[in-house]
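Hello,

I am passing this one over to you as promised. Please have a look at it first, and then read on for my notes on what turned up.

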Amino acid sequence: MRDQKCQKLSEVQSGGESEDIISNLPDCILHHILSFLPTKDAVGTCILSVRWKYLWTSVPNIDFDDALLYSNEVNGWYPLEVTCFMNFVERVLLLRDASTMKRFRLSCRVCFSASRVNAWVSSAIIHNVQELDLCLFVEKPFILPRCLFDGNSLTVVKIEMNCVLELPSYISFPCLKTLHLCLVTFANDNSTQKLFSSCPVLQELAILDCEWINLKQVAISIPTLESLTIDDLPYFGASDDLHGCQIKIDAVNLIFLKYIGYLSNEFFLCNVSSLVKAHIHIPMMCERRKEIAHRAVKLLRELHNIGSVRISNRTIESLFLADNVLEHLPLFNNLTHLELSMEIENQTVGALVELLQRSPNLQSLYFVE
């Protein structure tokens, strides 16, 4: 037995006599393996052998990230490194074959060359990309290519971009199931409404740290929507400016709702009888405390059919600040599970007890902290 092990080890170490099992795998499996590597490393496999020379040109997942250019915080980035990054991206996209691209991720500073960034995104669309993930750091106004908003193959779109989201007149996402928007500023009511209305099969929508300041009224009316997350930016406006945007949510199949924010916008939940689970966190501010409190109570009233909810002690505190809580809160007959994040303070105990009294069928009460 010992001699057999020594013989096998000798064969492996000799290199030339051992069989290259990995290279003999089908292309589909090798593509799957390469899809887990950074794109730079996947391209580097072309030097292994003739078998690997062109495999990378049809890898389903492409990931470009210029973060490595800023790893040295003292010296920052160098023009030569930026040029190398842009040339690498363009070379990979130019040499890619005509196969469908499953996932395309791009994270970079647009200030290098906005036209080249647009060309990269357009190339992904031409390759019928299914999942598009863009993280773009913008210093000047930037407009995404029109072809992005007419992507028949797109099932997932994630856009993180710190500027106004300029939208074309025609938008069509017939297959889009997941849409994440982060840091964008919505331009106006009409274009924003058109965006949400152009996703007929959308199942997951996340709006994270976006700016609603240009909007007055918008509806998220998507019958197929199952998960909605809204994480609002802190409110920096005048203390007497309480109007914000009126957001109507009409989603008959909505199962999960998560809201984090100061309720500077007013929410109207309509036709959400399928809602099962919700996470609500409403930080309190020194100003507008009463207004936030009443809006919090209004939001909880519209969640009266909920089965499971996680709320913070600040949300509980808002109930305490609202006048005549018991007159405003409904019975939560379907609520069986309640989670409380953060510790319960003295001033919130009374409001918590009143909430529990309104939950006659509660089965579990879980204190996260």
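**Charged pairs**

Glu139 and Arg109 form a salt bridge, with their closest N and O atoms 3.9 Å apart. Here a salt bridge is a side-chain nitrogen of Lys or Arg within 4 Å of a carboxyl oxygen of Asp or Glu. This pair links distant parts of the chain: Glu139 is in the loop between β3 (131-137) and β4 (156-161), and Arg109 is in strand β2, 30 residues apart. Helices (H or I, at least four residues) and strands (E, at least two) are DSSP runs, numbered from the N terminus. Glu139 is exposed, with a relative accessible area of 61%, whereas Arg109 is partly exposed at 29%. For these words, buried is under 20% relative accessible area, exposed is over 50%, and partly exposed is in between (1.4 Å probe, protein chains only).

Before going further, please keep in mind that this is a predicted model, in which local features need pLDDT of at least 70 and side-chain atom pairs count only at pLDDT 80 or more, while totals for chains, interfaces and linings use all residues. Residues are numbered from 1 along each chain as its sequence is written, and side-chain values use heavy atoms, with hydrogens and water left out.

By the rule above, the count comes to seven salt bridges. One of them joins the side chains of Arg105 and Asp63 (2.9 Å, N to O). Arg105 lies in strand β2 (residues 103-109) and Asp63 in strand β1 (residues 61-65), so this pair ties together parts that are 42 residues apart in sequence. Asp63 is partly exposed, at 30% relative accessible area. Asp63 and Arg105 also belong, with Asp65, to a network of salt bridges.

Another salt bridge is between the side chains of Arg116 and Glu90 (2.7 Å, N to O). It links helix α5, which holds Arg116, to helix α4, which holds Glu90, 26 residues apart. Arg116 is partly exposed at 22% relative accessibility, and Glu90 is partly exposed at 30%.

**Rings**

How many aromatic pairs does the structure hold? There are seven. Rings of Phe, Tyr and Trp (its six-membered ring) pair if their centres lie within 6.5 Å; planes under 30 degrees apart count as stacked, over 60 as edge-to-face and the rest as tilted. Phe85 and Trp120 have ring centres 6.2 Å apart and planes at 80 degrees, so they are edge-to-face. Phe85 is in helix α4 (residues 79-95) and Trp120 in helix α5 (residues 114-126), so the pair ties together parts 35 residues apart in sequence. Phe85 and Trp120 are both buried.

Tyr259 and Phe267 are also edge-to-face, because their ring centres are 5.0 Å apart and their planes are at 65 degrees. Both of these residues, Tyr259 and Phe267, are buried. Elsewhere, Phe64, Phe88 and Phe104 form one aromatic cluster.

Arg109 comes up again here: its charged end sits over the ring of Phe137, 5.9 Å from the ring centre. That label needs NZ of Lys or CZ of Arg within 6 Å of the ring centre and within 35 degrees of the ring normal.

**Helix α5 and the cysteines**

The buried residues of α5 include Val117, Trp120, Val121 and Ile125. After α5 comes Asn128, with a positive phi near 55 degrees.

Finally, the structure holds zero disulfides (pairs of cysteine sulfur atoms within 2.5 Å). Cys84 is partly exposed at 47% relative accessible area, and Cys175 is partly exposed at 34%.

Best wishes
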